[in-house]
Amino acid sequence: MEAKRGRPRNVETQNAILTASYDLLLESGFEMVTVEKIAERAKVSKATIYKWWPNKAAVVMDGFLFAASARLPVPDTGAVFSDVLIHASNVVRFLTSPEGRVIRELVGQGQFDEGLAEAYRTRYFGPRRIEAGSLLERGIQRGELKKDLDIGLAIDLIYGPFFYRLLITGEELTEAYVRQLVTAAFDGIRANEGG
């Protein structure tokens, strides 16, 4: 039976491609991964990959996220401080894991590859910002955070220092640091008592 153009992705084939791209990324690093190698490992044609992804960067990022998505659940404890602390701790645990090393590499390579930079911004960092924003939005709705809170600024305030340490200073990212950072940020964004 001939395949129809535009039909939905075959889940088994898609998973094989994503797994192959992730395995190659961990084994060789982004620069050494090619669409040809992904196709060979997944036992599909390059045309199949290009039918679903515009370039290597997109399929590699999706493979990375496919493997990593279960590591970053979005908490809902009923208290915004706890939710953000759990979420931030999960992000840091992931960033400091062997898989998280890949994010550092992708950010570094993205300085020279605009397609890769766009892929990690839209596929990795964009969704993480949306998750963090939803936690803060719930806190505003429950009256735990300032009504006029600039959510984007609050996300930068809480999560930005992780990447500063990770990519610039090389200082250790510890659970104690995460708690101290989130506590300090909440001193500035928490709703005032009594109104």
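Reader: At roughly what angle do the axes of helix α1 and helix α4 cross?

Author: In this predicted model, helix α1 spans residues 11-28 and helix α4 residues 56-68. Their axes come within 8 Å of each other. Angles of 65 to 115 degrees count as roughly perpendicular, and α1 is therefore roughly perpendicular to α4. The crossing angle is roughly 95°.

Reader: How many charged residues does the contact of α1 with α4 have?

Author: Residues of α1, including Asn15, Tyr22 and Leu25, meet residues of α4, among them Asp62, Phe64 and Ala67. By class, the contact has 9 nonpolar and 4 polar residues. The number of charged residues is 1.

Reader: Is the pair of Tyr22 and Phe64 stacked, edge-to-face or tilted?

Author: The structure holds 10 aromatic pairs. In the pair of Tyr22 and Phe64, the ring centres are 6.4 Å apart and the planes stand at 40°. Planes under 30 degrees apart count as stacked and those over 60 as edge-to-face, so this pair is tilted.

Reader: Which helices hold Phe64 and Phe94?

Author: Phe64 and Phe94 form a tilted aromatic pair, 5.7 Å centre to centre with 55° between the planes. Both residues are buried. The pair ties together parts that are 30 residues apart in sequence, because Phe64 lies in helix α4 and Phe94 in helix α5.

Reader: Are α5 and α8 roughly parallel or roughly perpendicular to each other?

Author: Helix α5 (residues 80-95) and helix α8 (residues 151-169) pack with their axes 11 Å apart, at an angle of about 20°. Angles under 35 degrees count as roughly parallel. The two helices are therefore roughly parallel.

Definitions and conventions. Residues are numbered from 1 along each chain as its sequence is written. This is a predicted model: local features need pLDDT of at least 70, side-chain atom pairs count only at pLDDT 80 or more; totals for chains, interfaces and linings use all residues. Side-chain values use heavy atoms; hydrogens and water are left out. Axes are lines fitted to C-alpha atoms, for helices over the stretch in contact, and angles run from 0 to 180 degrees between N-to-C directions. Helices (H or I, at least four residues) and strands (E, at least two) are DSSP runs, numbered from the N terminus. Angles under 35 degrees count as roughly parallel, over 145 as roughly antiparallel, 65 to 115 as roughly perpendicular and the rest as oblique. Contact means heavy atoms within 4.5 Å. Ala, Val, Leu, Ile, Met, Phe, Trp, Tyr, Cys and Pro count as nonpolar, Asp, Glu, Lys and Arg as charged, and the others, Gly among them, as polar. Rings of Phe, Tyr and Trp (its six-membered ring) pair if their centres lie within 6.5 Å; planes under 30 degrees apart count as stacked, over 60 as edge-to-face and the rest as tilted. Buried means under 20% relative accessible area, exposed over 50%, partly exposed in between (1.4 Å probe, protein chains only).
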